[in-house]
Amino acid sequence: MNLTPVQEERLQRLKHRMKVYFDPSRRDHQEALKALWHATYPDQELQGLISEQWKDMGWQGRDPSTDFRGAGFISLENLLFFAKTFSASFQRLLKKQCGNRATWEYPFAVAGVNITFMIMQMLDLQSTKPRTFVRAIFIQMLSEDEWAFDLLYCVAFVVMDKQWLDKNASYMDFNEVLKSTRAQLERELMLDDVIRIEDMPSYSLLC
């Protein structure tokens, strides 16, 4: 497909975001991590960028920077976007407030990083030639809204949690739930009347 100048510019900007590794020595990356903490726990003071507190958010250890390897800095940006834009949904998923939860739940923040990686693979944006119809549809959406990737991330997170509950899943089922989440997103993106992320049926799950 021939891209318009707007699509080309926004696609290049998104590709650049996807190539940025999380660097714990960078001040702006440190500030983004602090911003995520304050958006998640506005009434709790963060004791440090390396702290036991991070485990409460669903990071694997005391240092969340070690969990970004798969998806890079954009996965932190996605979590922060979700926390600020749909704070009620973000808190509901963080606190596992809905449905009958498994004894062994998915770790919230690490799940978020995996969702970013899944969307990056699904959209296949790094390849030089488009190989999927979903990619073409998404690039069209990008020309309507520069934040289409981040919005799709928020939809993906609530879809994943709903699938998790519908399947009565436990931690060992996480990859299977992620696969079915991807399949549902692809189906919804290819619906005739879906022009923007907001038109996706599952967008209504966000609040």
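## Gln91 and Thr40

Gln91 is in contact with Ala39, Thr40 and Gln97, leaving aside neighbours within four places in sequence; contact means heavy atoms within 4.5 Å. Gln91 sits in helix H4. Helices (H or I, at least four residues) are DSSP runs, numbered from the N terminus. Gln91 counts as buried, at 16% relative accessibility. Buried means under 20% relative accessible area, exposed over 50%, and partly exposed in between, with a 1.4 Å probe and protein chains only.

This is a predicted model, in which local features need pLDDT of at least 70, side-chain atom pairs count only at pLDDT 80 or more, and totals for chains, interfaces and linings use all residues. Residues are numbered from 1 along each chain as its sequence is written, and side-chain values use heavy atoms, with hydrogens and water left out.

Thr40 belongs to helix H2. Thr40 is buried, with a relative accessible area of 2%. Not counting residues up to four places away in sequence, Thr40 touches Met57, Phe90, Gln91 and Leu94. Ala183 lies 143 residues from Thr40 in sequence and 29 Å away in space, C-alpha to C-alpha.

## The nonpolar core

The largest nonpolar core has 70 residues. Such a core is a set of buried Ala, Val, Leu, Ile, Met, Phe, Trp, Tyr and Cys residues joined through side-chain atoms within 4.5 Å. Trp59, Phe82, Leu152 and Phe157 have the most contacts inside this core. At least two core residues come from each of helix H1 (5–19), helix H2 (27–40), helix H3 (73–85), helix H4 (87–94), H5, helix H6 (133–144), H7 and H8. H7 gives the largest share, 13 residues. In soluble globular proteins, nonpolar side chains tend to be buried together.

What does Phe157 contact, leaving aside its neighbours within four places in sequence? The partners are Leu79, Phe82, Leu93, Tyr106, Phe108, Ala111, Gly112 and Ile115.

## Helix H7

Helix H7 covers residues 148–166, 19 residues in total. From first C-alpha to last, H7 reaches 27 Å, close to the 27 Å expected at 1.5 Å a residue. The expected span is 1.5 Å times one less than the number of residues. H7 is mostly covered, with 16 of its 19 residues buried.

## Two positive phi values

Most residues other than glycine have a negative phi. Asn168 has a positive phi of about 55° although it is not a glycine. Asn168 lies in the loop between H7 and H8. At 61% relative accessibility, Asn168 counts as exposed.

Lys96 also has a positive phi, near 50°. Lys96 lies in the loop between H4 and H5. Is Lys96 buried or exposed? Lys96 is buried, with a relative accessible area of 16%.

## The largest pocket

The largest pocket has a volume of about 150 Å³. On a 1 Å grid over the protein atoms alone, a pocket is an open set of points where a 1.4 Å probe fits, with protein on both sides within 12 Å along at least five of seven lines; lining residues have an atom within 4 Å of a point. Grid points are joined across faces, edges and corners, and the volume is the space filled by probe spheres set on the points.

Gln60, Tyr106, Pro107, Val110, Ala111, Asn114, Tyr171, Met172, Phe174 and Asn175 form the lining. H5 gives the most, with three. By class, the lining has seven nonpolar, three polar and no charged residues. Ala, Val, Leu, Ile, Met, Phe, Trp, Tyr, Cys and Pro count as nonpolar, Asp, Glu, Lys and Arg as charged, and the others, Gly among them, as polar.
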